[in-house]
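User: Can you walk me through this structure? I would like to begin with its pockets.

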Amino acid sequence: MITSTTHPARVLVTDASRASSLAVIRSLGRAGHAVVVADSKPHPLGSRSRFAVGVGQYPSPFVESAEATAGAIASIARRHRIDVIVPVTDDVIVPLAHYRDALPQGCLVAMADDEARGRAASKVGTGLLARSLAIPQPRHEIVHQPEDAGGCTERLGVPVVIKPDRSRIIGPDGRLQRGSVSYAWTDREAIEAVRRAGQTVLLQSLHPGVGHGIGLLMSDGRPLAAVQHRRLHEVPVSGGASAQRETVPADRDLLSMACAMLGELNWTGAAMVEFKVGPSGPALMEINGRLWGSLPLAIRAGIDIPKRMLQVHLGDAEVCAAPLDLSYRPFVRSRNLDLELVWIGTNLLKRQDTSGLIDLDRRAALTAACDLLRRGQGDDLTDPDDLRPMVSGVGHAFAHIVHKARHHG
């Protein structure tokens, strides 16, 4: 196993079908590390990168079990003599956190410690932390039983936002389960949503506004680098993953609140704190205690989060002692092509699958479609020095949208 922060490491990057993972693979490969990639799919996008020196496959924790996923990742780590595992999504983070003992001795996992990660992963815990720091958040109620949601629409207004406490939990059968955000216009809908969740739920009033993310790299609760972006397009359009986003100058208030929360958790590693900024001001949405989906934008704007994150987890004293870096370029844009095509299609077809929360805009969709052909519009997969993933990803994106068009036709 690696013994010095100055030597290249053998790194395993998970979730290799994702653009954010591809950004990690490229960053660490350029930094001189040997990068092995893995995914639950047999031929992930990241395996086509010239920086990938090996590839492995693990079973989906939603299909088999979280224990099987962690065990397979441990086997890949042993086979490739891995020094550091970089888990990119909660789909892998949760299994590895629960079955860490399966990993080879001395193999480091690049994520926050269990206590900090557990508090950040809990919507209830995050809300309590925000309250203790006087950070604004939407009006909300904590509900443990379905019948406790009765009357919530009168108290919170409609629609009520239904947020399961954790986005990923291990179910009674050992498989991973998703906790998805939904909306309720009636008490009956809210009660049923809580029943489906099967866990404690946070009921929130809707806070209209534009989504802003503060991406941070921390060391023992101290900020080392930060990038702020605003969401331009989201999928689903009512609020979700960013299809297109843009860096903006750091808002000192949002940055201060994000740093305060992660500082209180004594966070080490990468995380994103999300807010909505609207007419009534900002409100905390959640903490994503991991590398975030729009990570390629941060790198495109000049902050190489993965490279520095690995240095932090390897204990590089110079990097950990550095002052806060806010040197990223503002007004840089990037898009996830797959999601952007879905956003365009949703608006063009005026599909009312958003429960009326957003006015669908065909003119904006046509503009976005034209922008696909304009040069200089950043894409998460684009890298002139690593073309094969981009070619593969573009083909997949268009095949996906054709499939959706046929399915809904």
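Analyst: The second largest pocket is lined by 14 residues, and P296, I299, R300, T382 and D383 are the ones nearest its centre. On a 1 Å grid over the protein atoms alone, a pocket is an open set of points with protein on both sides within 12 Å along at least five of seven lines; a cavity is a set where a 1.4 Å probe fits but cannot get out, and lining residues have an atom within 4 Å of a point. The model is predicted, so local features need pLDDT of at least 70 and side-chain atom pairs count only at pLDDT 80 or more, while totals for chains, interfaces and linings use all residues. Residues are numbered from 1 along each chain as its sequence is written, and side-chain values use heavy atoms, with hydrogens and water left out.

User: Which elements give two or more residues to the lining of that second largest pocket?

Analyst: Helix 1 (19-30) and helix 9 do. Helices (H or I, at least four residues) and strands (E, at least two) are DSSP runs, numbered from the N terminus.

User: How much space is in the second largest pocket, and what classes of residue line it?

Analyst: The space is about 290 Å³, where a volume is the space filled by probe spheres set on the points, and grid points are joined across faces, edges and corners. Its lining has 4 nonpolar, 3 polar and 7 charged residues. Ala, Val, Leu, Ile, Met, Phe, Trp, Tyr, Cys and Pro count as nonpolar, Asp, Glu, Lys and Arg as charged, and the others, Gly among them, as polar.

User: Back to I299. Is I299 buried, partly exposed or exposed?

Analyst: I299 is partly exposed, because its relative accessible area is 28% and that class lies between buried (under 20%) and exposed (over 50%), using a 1.4 Å probe and protein chains only. I299 lies in helix 9.

User: What does I299 touch?

Analyst: Leaving out residues up to four places away in sequence, I299 touches A23, D304 and P306. Contact means heavy atoms within 4.5 Å. The C-alpha atoms of I299 and V24 are separated by 9.5 Å, with the two residues 275 apart along the chain.

User: New topic. How many cavities of 30 Å³ or more are there?

Analyst: There are 2. The largest cavity holds about 80 Å³, and its lining of 14 residues has A110, M111, A270, R290 and L291 nearest the centre. By class, that lining is 9 nonpolar, 4 polar and 1 charged.

User: And what lines the second largest cavity?

Analyst: G215, V227, H229, M272, W292, S294, L297 and A298 line it. Strand 13 (222-235) and helix 9 (295-300) each give two or more of those residues. The lining has 5 nonpolar, 3 polar and no charged residues.

User: Where are the cis peptide bonds from V158 to P159 and from V235 to P236?

Analyst: The V158 to P159 bond has omega near -5°, and P159 is in the loop between helix 6 (152-156) and strand 7 (160-164). For V235 and P236, omega is about -5°, and P236 sits in the loop between strand 13 and strand 14 (241-247). Most peptide bonds are trans, and most residues other than glycine have a negative phi.

User: Which residue has a positive phi of about 60° although it is not a glycine?

Analyst: That is A134, in the loop between helix 5 (123-132) and strand 6 (140-143). A134 is exposed, since its relative accessible area is 69%. D220 has a positive phi of about 50° and is not a glycine either.
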